[in-house]
Amino acid sequence: MGKRILWALALLTAVFILTNATYSMAAEKIYINGIDANFPPFAYVDKKGNADGFDVKALDWIAKEMGFKVEHKPMDWDGIIPSLRAKKIDIIASGMSITDKRKEQVNFTIPYWNIAQVIVAPKDSTATVDELLSKGNKIGVQRGTTEARWIKENLIAKGKNFSLVEYDSAPLSVEDVLNGRIKGAAMDDAPAKDAVNKKPVRIVGTFGMPSEDFGYAVRKEDSELLKKLDEGLKKLMASPYWNELKRKYNP
Amino acid sequence: MSTEMIPVLSAERITKRYGKKTVVRTASISVNKGDLKVIIGPSGAGKSTLLQCINYLVTPDEGRILLEGREIDPSRKKDLYRLRQDVGMIFQDFNLFDHLTAHDNVRIALRRVKGIDKTDASERAVRELERVGLLDHMHKYPAQLSGGQKQRVSIARALAMDPKIMLLDEPTSALDPELITEVLAVIGDLRANGMTMIMSTHQISFASEMADEFIFMEAGIIVETGSPAKILSQAECERTREFCAKINEIYGTSY
Amino acid sequence: MIESLTILAGALPYLLKGSVVTIGVVFGAMSLGLLFGIALAVGQVYGAIWLKRLIGLYVWFFRGVPLLVLLFLFYFGLFSLLNINLTAFTVAVIVLGLISAAYQSQIFRGAIVSLPDGQLKAARALGMSDATAIVLIILPQALRLAIPAWSNEYSIVLKDSAVAYALGVTEIMARAHFVASRTYQHLPLYFTAGVIFLILTYAGTKALRLLEERVHIPGYSQ
Ligand SMILES: Nc1ncnc2c1ncn2[C@@H]1O[C@H](COP(=O)(O)OP(=O)(O)OP(=O)(O)O)[C@@H](O)[C@H]1O
Ligand SMILES: [Mg+2]
């Protein structure tokens with residue numbers, strides 16, 4: 001009996017690996033959009049488990065308009081650029097800030113959203129931004145984000161007396177603000193607004209980081225796709241659907 | 001030369017060393033059909049090692065093994081497996097396969113080594129178990145059997161392979177005294193049916209009744225061989241006499 | 001409270017689908033680890049010296065390098081370089097399987113060497129080749145002995161499987177996190193994920209306990 005089970009397992013394993021190895025031979029090209037599903041309202045997973053959010057719906061519209069197929073795949077934010085470069089995904093349309101550093105690795109579309117970075121603190125606290133970023137306080141931030149990088153390079157490295165605690169997502173850092181483990185959390189203003197709507201926190205204000213632009217990222221060599229996305233974005237921003245999206249997701 | 005003259009098995013000038021220690025030194029044994037040769041000697045003499053050299057469970061450093069006059073080349077796997085099928089081996093601590101019933105212990109090599117089909121192998125196994133008086137216990141596992149029963153299963157397992165010769169390495173040493181008789185009875189039966197055997201044992205009195213020849217071994221060397229009567233009472237060598245005296249003291253003359 | 005419960009109830013089907021993913025990863029990894037682990041153990045006990053060294057090296061590597069590093073190394077590195085396009089799920093199965101093989105091989109090796117020498121000797125004395133003896137005599141006994149330790153390995157792989165999200169495998173933890181990010185119900189969702197993991201651990205170890213009883217050799221003490 002035992003041996004038959006072993007053989008069956010061996011067969012299953014082999015079949016499984018072989019079928020998966022040839023998986024990519026699908027006939028029609030479907031572009032995979034990697035999203036950070038922990039980044040509402042730009043990208044998240046809805047009640048049914050489907051990808052949703054401002055960026056998701058925007059890209060869906062563009063794909064339809066420009067005549068290509070797209071699927072959204074939740075990814076760990078930390079590994080999202082390596083995934084793009086390793087061709088595991090083809091697009092990142094998920095509230096990604098355009099930075100020079102990232103431009104070394106990927107190409108960006110035209111900017112479609114300007115975003116400011118803010119600090120969030122408990123609703124009942126009266127601290128100012130300056131008070132929060134001092135006295136050895138702990139401040140939360142999402143790992144791998146531009147704000148994490150900017151704060152390290154421009155505030156902490158220049159002698160500001162507070163420390164950073166890194167989280168997997170902005171909402172997790174908000175939870176820890178409410179737990180009292182950290183005094184505040186830095187994030188984009190859109191997820192901050194989302195947090196204010198759902199939790200007893202307030203936006204204290206900006207902390208000196210220049211505002212950023214969001215763009216979609218593609219691989220350097222995918223200039224064809226980049227052109228399609230740029231054109232699609234322009235069309236979208238000129239269409240009434242753009243305002244509809246803004247109203248619906250209120251980023 | 002007529003076939004009767006060819007020994008069933010001869011081991012010629014077997015030497016086995018472990019590191020610097022020579023455990024068996026140029027030992028030769030040859031057994032004719034139907035013979036029972038008994039190896040006696042103190043613990044550590046090299047009896048087990050010599051027996052295991054015969055079917056290459058231990059690879060001798062020097063010497064050769066001939067089965068029915070044909071030299072075995074142990075580097076040829078087929079020869080080796082063939083030899084081992086033809087040489088049945090009984091171990092001191094039985095070495096039954098713990099996860100198999102008595103019936104399966106006997107049957108497994110018939111099926112998987114000899115390639116006999118299932119029904120034939122089963123029937124054969126049943127017959128061998130009957131022969132050692134264990135038909136009622138055939139569905140039991142080794143852990144459910146007494147020592148004497150285990151040793152009888154192991155004899156049945158060896159017999160099922162139709163060996164040309166059997167090697168028995170102290171087959172009763174691990175048994176409680178009251179269980180020894182049942183195993184000795186089976187061995188006596190084999191002897192009566194003309195099975196060719198080499199046995200190492202401390203059961204001197206039992207062995208002396210049945211053996212054709214005693215081989216006294218000490219420190220890896222075959223010191224003296226001869227009929228049981230000669231070895232036990234008129235051994236040429238001083239050491240042999242000393243050993244026999246001691247063994248009688250310890251084990252007595254009754255079996 | 002009520003709000004949490006309605007959110008949880010709504011999210012449960014989504015989380016449970018994640019447990020199917022988790023079970024898939026764990027089942028695949030444990031199967032791969034079992035087959036490969038057995039081969040490694042046999043090689044390490046009976047193989048030539050160079051093979052033993054090689055397997056030792058393998059075990060040392062896969063036990064020493066952190067899981068996340070291996071996942072990235074294989075997913076973004078090795079398979080990409082070789083131009084083999086595998087899904088994140090498959091890579092997670094393969095990497096967790098290769099790691100588990102290293103651990104499982106040591107479980108099986110321990111079980112094999114704990115068997116009395118006489119078992120192999122008796123098999124050889126009957127004319128069995130070593131390969132036959134290993135398959136028919138050694139492994140059936142060693143695998144039985146290995147079940148309790150194997151069950152332990154199962155719960156470790158189960159927990160490790162959560163790391164697969166780093167590649168984008170949306171298993172239980174990743175899904176709990178997604179829903180929490182949208183709803184800000186982190187605690188209830190992680191609690192639920194924890195309960196699902198506990199149930200999976202319980203079910204797996206229970207099943208293995210039953211298997212252990214089923215294949216127990218009569219008369220043999222534990
Ligand atoms: N694998 C081994 N490695 C090293 N030394 C060994 C090995 N096997 C046996 N020996 C040594 O060889 C000598 C002979 O051992 P062997 O078991 O053949 O003696 P024996 O005559 O059968 O003794 P006993 O009556 O106790 O069974 C002993 O000194 C033993 O320690
Ligand atoms: Mg001995």
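## Salt bridges

A salt bridge is taken here as a side-chain nitrogen of Lys or Arg within 4 Å of a carboxyl oxygen of Asp or Glu. In this predicted model, local features need pLDDT of at least 70 and side-chain atom pairs count only at pLDDT 80 or more, whereas totals for chains, interfaces and linings use all residues; side-chain values use heavy atoms, with hydrogens and water left out. Residues are numbered from 1 along each chain as its sequence is written, and chains are lettered from A, with ligands numbered from 1, in the order in which they are written. By this rule the count over all chains is 32 salt bridges.

In chain A, A:Arg143 and A:Asp168 form a salt bridge whose closest N and O atoms are 2.4 Å apart. This pair links distant parts of the chain, with A:Arg143 in the loop between β10 (137-142) and α6 (146-156) and A:Asp168, 25 residues apart from it, in the loop between β11 (162-167) and α7; helices (H or I, at least four residues) and strands (E, at least two) are DSSP runs, numbered from the N terminus. A:Arg143 counts as partly exposed because its relative accessibility is 32%, and A:Asp168 counts as partly exposed at 38%, where buried means under 20% relative accessible area, exposed over 50% and partly exposed in between (1.4 Å probe, protein chains only). A:Asp52 and A:Lys57 also meet in a salt bridge, at 3.3 Å from N to O; A:Asp52 is buried, with a relative accessible area of 11%, while A:Lys57 is partly exposed at 23%.

In chain C, C:Glu212 and C:Arg209 form a salt bridge with their closest N and O atoms 3.9 Å apart. Both residues lie in helix α8 (residues 186-214) of chain C, three residues apart, which is about one turn of the helix. An α-helix has 3.6 residues a turn, so residues three or four places apart point the same way.

## Helix α7 of chain A

Chain A has 251 residues, of which 53% count as buried, and its secondary structure comes to ten helices and 15 strands. Helix α7 (residues 170-179) of chain A is mostly covered, with eight of its ten residues buried, among them A:Leu172, A:Val174 and A:Val177. Just after α7(A), A:Gly180 takes a positive phi of about 85°.

## Interfaces of chain C

The contact between chain A and chain C (contact meaning heavy atoms within 4.5 Å) takes 42 residues from chain A and 37 residues from chain C. These two chains bury about 3,300 Å² between them, 65% of it on carbon and sulfur atoms, buried area being the accessible area (1.4 Å probe) that two parts lose on being put together, summed over both. Across this interface of chain A and chain C the rule finds zero salt bridges.

Against chain B, 22 residues of chain C are in contact with 24 residues of chain B. The area buried between chain C and chain B is about 2,000 Å², with carbon and sulfur atoms giving 68%; C:Lys121, C:Ala125 and C:Leu126 supply 28% of the area that chain C buries there, more than any other three residues. Zero salt bridges are found by the rule across the interface of chain C and chain B.
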